Amino acid sequence: MADRRYGKELNHAILSAAWELLAEQGYAELTMSAVAEQAHTNKNTIYRRWANKPLLVAAALEHQHIAVDTTLPNTGTLREDLMSLLSRFIPVISAMPATTWQALISDLLATSVANLNLSTLQLVVSDENWITQQLPDILNHAINRGEIQQAANPTQKSLPAVMLIRQLIFTGTLTPAQVTDIVDNILLPVYCRPTH
């Protein structure tokens, strides 16, 4: 019988098992039972830590420690700042297949709505996510450089985060070309609008 593990050691075993099985089987075939067996624990132990599969997979991804640069982009132009802001997520999104991202985001949002726990949706559109927190400073730099004339309203501030989630739902990918499309055809026309 295996030695009993607790705390961080047990969490590490569970998250590592989930990541390995995700790579082998894909998101659709991944089960809590298989993760429990691979981690040499039981399903109840997993469910006490992560209430469902999407939360477990999100935690397993975070456990991989794929670094995202969280410094404020300040390249000298609004376009390049926005490109930098979104491009920082390419390594994280590339860590899982497109189909996994599509299913994961869909499940996370569906679970939030079904349980009347809208924290996932609120995080996307609120000031609490990292992308939206960066935007006022990025736009202030652009105002100071004379590139734009006004700051964004709350809806406009949430637009980069919303577009990132939309990208994951519809394609499950984020490529440099997709970032360019979002910045050039959606974000810049909104932020560079003339004042009335």
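Modeller: Start with pLDDT, the predictor's confidence in each residue, from 0 to 100. The chain's mean pLDDT is 87, with 88% of residues at 70 or more. This is a predicted model, where local features need pLDDT of at least 70, side-chain atom pairs count only at pLDDT 80 or more, and totals for chains, interfaces and linings use all residues. Residues are numbered from 1 along each chain as its sequence is written, and side-chain values use heavy atoms, leaving out hydrogens and water.

Biologist: Over which residues does pLDDT stay under 50?

Modeller: Residues 116–123. Where pLDDT is low, the predicted coordinates should not be read in detail.

Biologist: Why are H5 and H11 called oblique to each other?

Modeller: The axes of H5 (residues 78–87) and H11 cross at roughly 130 degrees and come within 10 Å. Axes are lines fitted to C-alpha atoms, for helices over the stretch in contact, with angles from 0 to 180 degrees between N-to-C directions. Under 35 degrees counts as roughly parallel, over 145 as roughly antiparallel, 65 to 115 as roughly perpendicular, and the rest as oblique. H5 and H11 are therefore oblique.

Biologist: What makes arginine 88 and aspartate 69 a salt bridge?

Modeller: The term needs a side-chain nitrogen of Lys or Arg within 4 Å of a carboxyl oxygen of Asp or Glu. For arginine 88 and aspartate 69, the closest N and O atoms are 3.8 Å apart, so the pair is a salt bridge.

Biologist: How many salt bridges does the whole structure hold?

Modeller: The search finds five. Arginine 88 lies in the loop between H5 and H6 and aspartate 69 in the loop between H4 and H5, so their pair ties together parts 19 residues apart in sequence. Helices here are DSSP runs (H or I, at least four residues), numbered from the N terminus.

Notes. Contact = heavy atoms within 4.5 Å. Helix = DSSP H or I, 4+ residues; strand = E, 2+ residues; numbered from the N terminus.
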